[in-house]
Structure formats: structure tokens, C-alpha cells
Amino acid sequence: MPLKINYGIEGVKNMKIKNKKLFSLLSLFVLFVLSLETLSACQKAKVAQKNVTLANWSQLIVEQTNLLAEEKRGFFKEKGIDLKIIPGKGGQDALKNMLADKADVALSDPGAVYSALAQGEDLVILYTVYPQNVFNVITKDEKIQSPKDLKGKKIGIYSRASGTYQNLLVLLHQAGISEKDVELLEVGISNFGPLLQGHVDATAATDTALASAKNAGLTDAKIFNVKDSLNIPSDFFVMKRSTYEKNKELYKNFVKAYEKSAQWMMDHPDEAVEVAADKAIDGQDKTLDRKIIDLRNKSSLSNDGKLGEMDKDLIQKGADAYYQLGLIKNKLDMNKFIISIED
């Protein structure tokens, strides 16, 4: 015969009481989890209200696709930052916009930064955006075989507020030439148009601009890379010390968000090409976009393969060289102006 169990009246009552207690405990647990999720959502919403404005050296172009991806990827929003970007006409222009309180942070070249510091501005460098020097001077004139042959020639630059101008001066000075020995023509962002049309003898540009020019038909060009004379970084994130001191965590998070966006562009270059084609003002040719993205990814890494590496010795070497070449009037101790986001 099968075994029969008789719980009796008291047994049934005890089971009901235990079930009620278990149900109550489960209900409390569910409420606790929901409250944590609600609290987390509220905290995120609260943090997301902080604004940071970046003064860029140009409009957003293919080489800055990681910034163009913010709308879709939200690298800065994840860190509680509502990022706004204002365009400029060179690194010095970006720096001026920041110094005029039109922006919190500037994306600017070392030459502009050294110049501002030598004039007494109290700035801090947060991050090395491009540790590799990407500037160059290009010519099709067969008589120009070295930088010293640029003497007496007409040279195109983006603007006198740009890194092309600052880095051209370095190249000229290293060759024993000054700005007075050449004729400069400000040609805007389309550096190579006047060169291809024969309006200038040479043009000061970058690696990505050179890639675009080759894509447009530039051949048999002689290239003088500034890094062969002085391989200092191409761009920094820089800001007023007083602004940084008011909210250190906010600007450290800004740097971390940017670094994550740069890593994304390295890890997902094909996706970056699609973003560039959709968002960048110069992103019409996907094959060229990929070449530009690959170049900028390469320049974003130090010789040790690290993103944003703050090589204090190299940054100091650049400042010393600018002083020795007469490009700035005062010597600089760059240790006073470099901030580590790990501090």
C-alpha cells in the first residue's frame, strides 16, 4: 500500500505560516532590488547634467571620427558629460577660444601651448592626444631637395594660428632659415590645392592631408617630415589651471571618455568609416576615410604603444627647442604644467 501522510490541522497551519513568511521575504527582496535600480538611474541622470565645451582646431573631420561617434556611442555621456564642440582655424585659435572662456578645454598644438605659457598663461596639459608628430612640408619643385632649399620660396600654410605654421617654423629654424626668408600664404584647410595648381612652391600640412592630396592626384612629391627634425607630440588637451582646480574629477572623466573613444576607433575602424562617411565634412570617400583613420590611430599611440602617454622628458625637450630656436622668449619648466589623471 502507498504510504499516506496525515499532517493534521496544526501541520497545515504551520505550512501556511511558513509560506506567508517566505512570500513576505521574497517581496522585500524584490522591492530592495528595484529601489537600487531606481537609485542608480537617478544618480546617472543627475551626473549627466554636467557640460564640458571643447575648443577644436577645426570643424570635425574624418581624423576626429571618435568625437563624431559620440551621438551614437555616448562615450562622454557614460562619464556624465554633455560634450559640446566649437570649431576653430588652428591650434592657436582653439587656445584663444579657451582663454576667452568660450570653452573649458582646448585641443591645441605644443607650439601654441609653449607660446601661451611663455607669455605667462597658467595652463595645465591633461593629455597627449597625438604623441607622434604628424606635420610635414611637401613640394613638387625638383630644385628643393632639403629644407634649406625652401629659402626664398612661397609656402602655403593652413593659417598662422595653426600647427602647420608652428611646425613649419621649427623645420625652417632647424635648417638655418627664418620666417623672413620665405613668403607664407594662408590657404585654409585645403592645403594642397594651391600646390597642385602651382600657386605655391611648397605647402605645410599633415599626414592625413597628404593622404587626401595623393588621393586627388599628387605624385612625385618630396616630403620633409618635421619629426625628422624634432619629434614632439602634435596635439594636447590643455586648459586653465583655475578651471581644472574647480572640478578635477569632471576633467579627469573627460580624458577617460576621450581615451575610450580613441580606443573604439582603433578596435572598430570599419564602423568608424561608416560614422565618418555619415558625419564628417570631408568623409565622402570611404576608401580615403579608412586611410585617414588608420593614420590617426597610428599617431595616437606612443612609441611604447600607449594611448595619451604624457612623456614629460619629450614635452620638456620640445619647450627647450622652441626656446633655443627663438620661437619663445622664456625658458619653461614643463613639470609645472603637466597633470596626471591618475593623481
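Analyst: Start with a definition. Rings of Phe, Tyr and Trp pair if their centres lie within 6.5 Å. Keep in mind that this is a predicted model.

User: How many aromatic pairs does a search of the whole structure find?

Analyst: The search finds 8 aromatic pairs.

User: How do I describe one pair?

Analyst: A pair of aromatic rings is described by the distance of the centres and the angle of the planes. Take F75 and W264: their ring centres are 5.9 Å apart and their planes meet at 50°, so this pair is tilted. Planes under 30 degrees apart would count as stacked, and over 60 as edge-to-face.

User: Which parts does the pair of F75 and W264 tie together?

Analyst: F75 lies in the loop between α3 (70-73) and β2 (81-86), and W264 in helix α10 (residues 248-267), so the pair links parts 189 residues apart in sequence.

User: Is F75 buried or exposed?

Analyst: F75 is buried, with a relative accessible area of 5%. W264 is buried too, with a relative accessible area of 5%.

User: What should I know about the core?

Analyst: In soluble globular proteins, nonpolar side chains tend to be buried together. Here the largest nonpolar core has 46 residues. Helix α10 gives the most to this core, with 10 residues. F76, L126, F237, F254 and Y258 have the most contacts inside it. One aromatic cluster is formed by F76, Y127, F237, F254 and Y258.

User: What does Y258 touch?

Analyst: Leaving out residues up to four places away in sequence, Y258 touches N66, L67, F76, Y127, V129, Y130 and F237. The ring of Y130 has the charged end of R296 over it, 5.0 Å from the ring centre.

How values were computed
Residues are numbered from 1 along each chain as its sequence is written. This is a predicted model: local features need pLDDT of at least 70, side-chain atom pairs count only at pLDDT 80 or more; totals for chains, interfaces and linings use all residues. Side-chain values use heavy atoms; hydrogens and water are left out. Rings of Phe, Tyr and Trp (its six-membered ring) pair if their centres lie within 6.5 Å; planes under 30 degrees apart count as stacked, over 60 as edge-to-face and the rest as tilted. Helices (H or I, at least four residues) and strands (E, at least two) are DSSP runs, numbered from the N terminus. Buried means under 20% relative accessible area, exposed over 50%, partly exposed in between (1.4 Å probe, protein chains only). A charge sits over a ring if NZ of Lys or CZ of Arg is within 6 Å of the ring centre and within 35 degrees of the ring normal. A nonpolar core is a set of buried Ala, Val, Leu, Ile, Met, Phe, Trp, Tyr and Cys residues joined through side-chain atoms within 4.5 Å. Contact means heavy atoms within 4.5 Å.
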